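These are my notebook entries on a structure that I had not examined before.

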Amino acid sequence: MAATDQQTSDLIMIAYDGTENADRAIDYAGRFLAGRRAVVVTAWETGSHQTARLSSLSGGMQTMVGVSVDTEVDELLRIEASTLNARGVERARACGMEADGRLAEVDSTVWGALVDAADELAVDVLVTGTRGASGLKALLHSSVAEAVLKHCRRPVLVVPARCTANATAATRP
């Protein structure tokens, strides 16, 4: 294998949805991967995709939202996702990473959009947080982090919802 085949770009991807758990994932990435280039990726869904997903979750019953969603609504959703993503980029930069942002439009699943983005960007590691759901809630809602971990062909750093910086530091010798 040639030396260039072994080189990496030291590019990390951080999945970001604006939650406290996503913020925690950025903080951990900054703690252990500071100084590297990062792309903060926010998956977003068009209004028509959200309507279709909600309809399937309701057992096929039609939702109150019409199937025909105006393109203006989609643009507002994209702007909202972009604003959210910018917040993640700011946090990543504050944690010592050279960060840029990117939106990944969901065409089937959120986890699929994230895995596809990781492949397109050829990242060295994908960082994600977890929602921390357990019990019945965890059974009813699939975990994006779990699906990313199962389907991604790249290393994945998963930061659990109950993980705290103090707990990690306390376990070190």
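Entry 1. I began with helix α5, residues 110-121, in this predicted model. I noted that α5 has twelve residues and spans 17 Å from its first C-alpha to its last, close to the 16 Å expected at 1.5 Å a residue.

Entry 2. I then asked which residues of α5 are buried. I found G112, A113, L114, V115, A117 and A118. I recorded that the cover over these buried residues includes the strands β1 (11-15), β2 (37-44), β3 (98-105) and β4 (125-129), and also helix α7 (144-151). After α5 comes A122, for which I noted a positive phi, near 55°.

Entry 3. I turned to the packing of helix α2 (residues 20-33) with helix α4 (residues 71-94). Their axes lie 9 Å apart and form an angle of about 30°. I noted the crossing of α2 past α4 as right-handed.

Entry 4. I looked up which residues make this contact. On α2 they are D23, I26 and D27, and on α4 they are G88, R91 and A92. Sorted by class, the contact has three charged, two nonpolar and one polar residue.

Entry 5. I remained with α2 and examined R24, which lies in this helix. Is R24 buried or exposed? Its relative accessible area is 15%, and R24 therefore counts as buried, the cut-off being under 20%. Leaving aside residues up to four places away in sequence, I found that R24 touches V159, P160, A161 and C163.

Note on methods:
Residues numbered from 1 in each chain as written. Predicted model: local features only at pLDDT ≥ 70, side-chain atom pairs only at ≥ 80, totals over all residues. Heavy atoms only, no water. Axes fitted to C-alpha atoms, helices over the stretch in contact; angles between N-to-C directions. Helix = DSSP H or I, 4+ residues; strand = E, 2+ residues; numbered from the N terminus. Left-handed = near helix turned anticlockwise from the far one by under 90°. Contact = heavy atoms within 4.5 Å. Nonpolar A, V, L, I, M, F, W, Y, C, P; charged D, E, K, R; others polar. Buried < 20%, exposed > 50% of the residue type's maximum accessible area, 1.4 Å probe, protein only. Expected span 1.5 Å × (residues − 1).
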